[in-house]
Amino acid sequence: MVATPPGKGVPAKYAAFSGIWAGRLDGMYEGKLAVLTISPGGQVTVTYAWGDLADNKPGVADGAGKIVGNTLKLARLPNGADATFIMQPDGTLAATYALAGQTYAGAFARQ
């Protein structure tokens, strides 16, 4: 997977989300987010990969989402999960991943 650098019309606050991110949810569940494309209006295409997460087997899904302000919210992933990533002042993403009534949180850093 390769992230396409944002075009000139993409606001800097959206362009900051571009690239590959990795982290752990609840300190133990690995996740990776690749923000592949970003439009000037904040629409994104992504690939999200996860390791073992509760009863969920490792997997990968292509998805889409939208950046509003400093928050990237993905459309519901094929496994039924909802994922949100909030840009922090230190350049990391505060990730929240909700699946089957459970919510997991953690920090993702640019790779």
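Me: Why is R24 called partly exposed?
Reply: Its relative accessible area is 41%. Buried means under 20%, exposed over 50%, and partly exposed in between (1.4 Å probe, protein chains only), so R24 falls in the middle class. A word on the ground rules: this is a predicted model, where local features need pLDDT of at least 70 and side-chain atom pairs count only at pLDDT 80 or more, while totals for chains, interfaces and linings use all residues. Residues are numbered from 1 along each chain as its sequence is written, and side-chain values use heavy atoms, with hydrogens and water left out.

Me: What makes the contact between E30 and R24 a salt bridge?
Reply: A salt bridge needs a side-chain nitrogen of Lys or Arg within 4 Å of a carboxyl oxygen of Asp or Glu. For E30 and R24 the closest N and O atoms are 3.8 Å apart, so the pair meets that limit.

Me: How many salt bridges are there by this rule?
Reply: The count comes to 2. Besides E30 with R24, there is R76 with D82, whose closest N and O atoms are 2.5 Å apart. R76 has a relative accessible area of 56%, so it is exposed, whereas D82, at 22%, counts as partly exposed.

Me: What makes the arrangement of β1 to β8 a closed barrel?
Reply: The 8 strands run β1-β2-β3-β4-β5-β6-β7-β8 in a closed barrel with antiparallel pairing. Strands here are DSSP runs of E (at least two residues) and helices runs of H or I (at least four), numbered from the N terminus. Neighbouring strands of this sheet are turned by 30° against each other on average, direction ignored; the axes behind such angles are lines fitted to C-alpha atoms, for helices over the stretch in contact, and angles run from 0 to 180 degrees between N-to-C directions.

Me: How do you know that β2 and β3 pair?
Reply: Two strands pair if DSSP finds at least two bridges between them. β2 and β3 are joined by 7 bridges and run antiparallel, so they pass the test. Within this pairing, L33 stands opposite Y48 in β3.

Me: Which residues have the most contacts inside the largest nonpolar core?
Reply: They are L33, Y48, L72, F85, Y97 and F108, in a core of 28 residues. The term covers buried Ala, Val, Leu, Ile, Met, Phe, Trp, Tyr and Cys residues joined through side-chain atoms within 4.5 Å.

Me: How many aromatic pairs does the ring rule give?
Reply: The count comes to 5. One of them is Y48 with F85, a tilted pair at 6.1 Å centre to centre and 50° between the planes. Rings of Phe, Tyr and Trp (its six-membered ring) pair if their centres lie within 6.5 Å; planes under 30 degrees apart count as stacked, over 60 as edge-to-face and the rest as tilted. Y48 sits in strand β3 and F85 in strand β6, 37 residues apart, and both are buried.

Me: Why is the pair of F85 and F108 called edge-to-face?
Reply: The ring centres of F85 and F108 are 5.6 Å apart and the planes stand at 65°, so the angle passes the edge-to-face limit. This pair links F85 in strand β6 with F108 in strand β8, 23 residues apart. Ring pairs join Y48, W50, F85, Y97 and F108 into a cluster.

Me: What makes the phi of D26 and A100 worth a look?
Reply: Most residues other than glycine have a negative phi. D26, though, has a positive phi of about 55°, and A100 one of about 50°. D26 is in the loop between β1 and β2, and A100 in the loop between β7 and β8. At 40% relative accessible area D26 is partly exposed, whereas A100, at 76%, is exposed.

Me: Why does G65 count as buried?
Reply: G65 lies in strand β4, and its relative accessibility is 10%, so it falls on the buried side of the cut-off. Leaving aside neighbours within four places in sequence, its contacts (heavy atoms within 4.5 Å) are G42, Q43, V44, L72, K73, L74 and A75.
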